[in-house]
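Colleague: I'm new to this one. Could you pick a single part and walk me through it closely?

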Amino acid sequence: MEIPKSHPRYLSLITREKLVSGFKKGLVVPEGLIAHGRGECFDYILGEKSHDFALEAEKAAVALMLLADHPVISVNGNTAALVAEEISELSKILKAPLEVNLFHWSRERAEAIAKELEKFGAVVYCKGDAELEGIEHSRRIVDSRGILKADVVLVPLEDGDRCEILRRHGKKVIAIDINPLSRTSRMADVSIVDNIIRAIPNMIKFAKELKKENLEEVIRNYDNRKILMKAVLAIRDNLTKIAGELNVG
Ligand code: ATP
C-alpha cells in the first residue's frame, strides 16, 4: 500500500507495512502482529520518542556488550522484519553475532530469517544444535556457538520465561521491550524501554561514540530498577498531562 509521507501517522503505518511484508515472506507469525499491537499501544502512551531512561539503558547495554567475552544478539521474526539492516550493522560494530531464536520455531522459518539478515553481511547462527535446560518451548533451541556459550545476550521483543532462564544460566540479559510492566522488562539486567525501531539506531550511535576507558564507569553508574521506575512514572506523567489538557475549560 502507498502511504503518503504527509500522513500524521506515517512512521507507524510504514512500520506496520514492514511487519505485514515480513509476514508474507514467512518471517513473521500472526502472533507477532498481535505482539506488535501491544508494543504500539505502550509507545503511543509514552509519546513515541526515546526518553532519557531509554537512552541511558541503551548506553549501558552497549557498554556491557563491548565488555563481554561472548556477546550475542538474539533475533526473532518481528526484529528481522523491522530492523534487519540496522541490527546487522550493530552486530558488526559490537562484534556480537546474530542468532535466530524463535518461539514459533520451524527450520524453514529460521533459515528464511537468517537469509534476510545475511543480506546485510552479518554473521548469523541458526544451527539449533543445542538446548537450554529449563525451557519447555522452542526458545530452548539454541546454537552451540552462540547463546549457549554467551555471557551477555541482547534479547529484543522477548518473552519473560526465556529471559528468566537465560539469567538462571548465568548470562547477563539486555531486553528491548517498550512495555516496562512486562515480566521481560522486570527480569532483565538492562531493560531498554523503547521502540526497537529507535533503540537499535540509538545503540549504533552509542557504540560509535563510547570510549573504551569509560565503559566500566557507565556500568557502575547504571541502576536498572531506577530506569524501570522512571519509565512507569513517564506513563503516569504523560497520562496526567493529557488528562489536564482535556480538563481545561
Ligand atoms: P512477558 O512474558 O515479558 O510479560 P509477553 O510474553 O506477554 O511478555 P510477547 O507477547 O512475547 O510478551 O510480546 C513481546 C513484547 O514486545 C510485548 O511486551 C510488547 O510490548 C513488546 N513490543 C512489541 N513490539 C515492539 C517494538 N516494536 N519495540 C519494542 N517493544 C515491542
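Modeller: Leaving aside neighbours within four places in sequence, Ile197 is in contact with Leu11, Thr15, Leu82 and Val83 (contact means heavy atoms within 4.5 Å). Before going on: this is a predicted model, where local features need pLDDT of at least 70 and side-chain atom pairs count only at pLDDT 80 or more, while totals for chains, interfaces and linings use all residues. Residues are numbered from 1 along each chain as its sequence is written, and side-chain values use heavy atoms, with hydrogens and water left out.

Ile197 sits in helix 8 (helices are DSSP runs of H or I, at least four residues, numbered from the N terminus). Arg183 is 14 residues from Ile197 in sequence, and 21 Å away in space, C-alpha to C-alpha.

Now the helix pair. The axes of helix 4 (residues 77-94) and helix 8 (residues 196-209) come within 9 Å and cross at roughly 10°; axes here are lines fitted to C-alpha atoms over the stretch in contact, with angles from 0 to 180 degrees between N-to-C directions. So helix 4 is roughly parallel to helix 8 (angles under 35 degrees count as that). Among the residues making the contact are Leu82, Val83 and Glu86 of helix 4, and Ile197, Ile200 and Met203 of helix 8.

There's a salt bridge too: the side chains of Glu89 and Lys208 meet at 3.4 Å, N to O (the rule is a side-chain nitrogen of Lys or Arg within 4 Å of a carboxyl oxygen of Asp or Glu). Glu89 lies in helix 4 and Lys208 in helix 8, so the pair ties together parts 119 residues apart in sequence.

Terms used. Helices (H or I, at least four residues) and strands (E, at least two) are DSSP runs, numbered from the N terminus. Angles under 35 degrees count as roughly parallel, over 145 as roughly antiparallel, 65 to 115 as roughly perpendicular and the rest as oblique.
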